[in-house]
Amino acid sequence: MIFAKLNRKTAHFSSHQKGLLASIIASCLFALLPLYVQFQPNFPDTSTASEAGHWLTAQRILWSSVIMLLGLVIVGRISKLWEQLKQWRLWPRFLLSACLIAPQFWLFVWAPLQGEILSVALGYFALPLTLVTVGYFVYGEQLSRAQLLACIIATCGVVYAYVIADGISWIVFVVALGYPLYFMNRRCYSMASDLVFTLDNIFLLPLALLAMVYFQPFDDWLQIEALSWAYYLGLGIIGTLPMLLFLYASQMLPLSLFGLLTYLEPTLVFCLGLLLGERIDLIQWPIYGAIMLALVLIAIDRDKRRS
């Protein structure tokens with residue numbers, strides 16, 4: 001679907017270049033999601049921000065499922081999905097994949113509403129390091145000198161962030177350790193990313209629908225305004241496109257390089273905050289300075305490899 005168009009537009013690109021492009025676009029789109037959830041509709045009248053986060057997560061899964069199923073029908077790939085679903089012996093594998101990614105779907109919507117953006121950011125700052133570690137020790141991937149230096153500098157920034165943080169939230173560990181497990185599971189079997197993402201959402205859909213009914217009776221759904229439904233559809237779109245590109249990039253790139261590139265996402269969130277008028281304390285600047293320097297080193301290394 002989206003990958004077919006990407007392949008046509010970038011036919012002269014190598015798989016490595018396509019992965020780089022997909023990773024960068026995914027990071028840019030992901031950076032918008034925490035901002036988007038801040039403008040949630042007033043309905044349903046949830047009593048707490050936590051319940052609102054659960055409701056929005058369920059809406060994200062619902063509309064991602066609808067979008068992916070319609071997309072597969074339009075491009076004529078729904079038969080591929082049906083072939084996978086008919087193999088019921090694979091359902092435990094599909095369920096495992098859905099369970100591994102479910103916390104990430106939930107956290108990225110729930111945490112900003114709880115004032116836990118810093119914890120999510122720390123988790124995403126640590127994530128590349130865990131991905132690089134997995135790539136090196138599990139898959140035997142080698143780092144160039146520039147990539148190794150970038151990794152060391154980024155590690156210093158992350159350690160410094162933990163030192164000045166008021167304790168380490170459980171959210172950090174869920175993000176930093178959860179994604180590597182998901183990607184390792186993904187690499188155990190060969191399947192197109194659009195099918196995998198669709199299956200993830202389909203297997204989570206019953207739980208999402210139960211959560212929606214729990215927080216708001218079905219009769220109350222009829223009272224939701226059209227603009228609110230449009231917002232939920234937009235949440236599905238803004239959550240679907242970057243995740244598809246993210247999965248595509250994870251297949252095209254070595255896990256180590258893919259991990260280092262994920263520093264772009266929290267850095268973009270940081271820049272977005274500055275544009276919106278937020279300010280950071282002087283003591284926090286070394287964190288972002290180290291991350292940005294690491295990204296610059298990766299870019300320079302990439303240019304040298306091209307030449």
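Student: Among contacts in the protein between residues at least 6 apart in sequence, how many join residues at least 24 apart?
Tutor: 87% of them do. Contact here means heavy atoms within 4.5 Å. Keep in mind that this is a predicted model, where local features need pLDDT of at least 70, side-chain atom pairs count only at pLDDT 80 or more, and totals for chains, interfaces and linings use all residues. Residues are numbered from 1 along each chain as its sequence is written, and side-chain values use heavy atoms, leaving out hydrogens and water.

Student: What's the mean pLDDT of the protein?
Tutor: The mean is 82, and 87% of the residues reach 70 or more. pLDDT is the predictor's confidence in each residue, from 0 to 100.

Student: Which element has the lowest mean pLDDT?
Tutor: Helix 1 (residues 2–9), at 56, while helix 5 (residues 78–86) has the highest, 94.

Student: New topic: is helix 7 mostly covered or uncovered?
Tutor: Mostly covered, with 16 of its 21 residues buried. Buried means under 20% relative accessible area, exposed over 50%, partly exposed in between (1.4 Å probe, protein chains only).

Student: And what does Y263 touch?
Tutor: Leaving aside neighbours within four places in sequence, Y263 is in contact with residues including F125, P128 and L129.

Technical notes: Helices (H or I, at least four residues) and strands (E, at least two) are DSSP runs, numbered from the N terminus.
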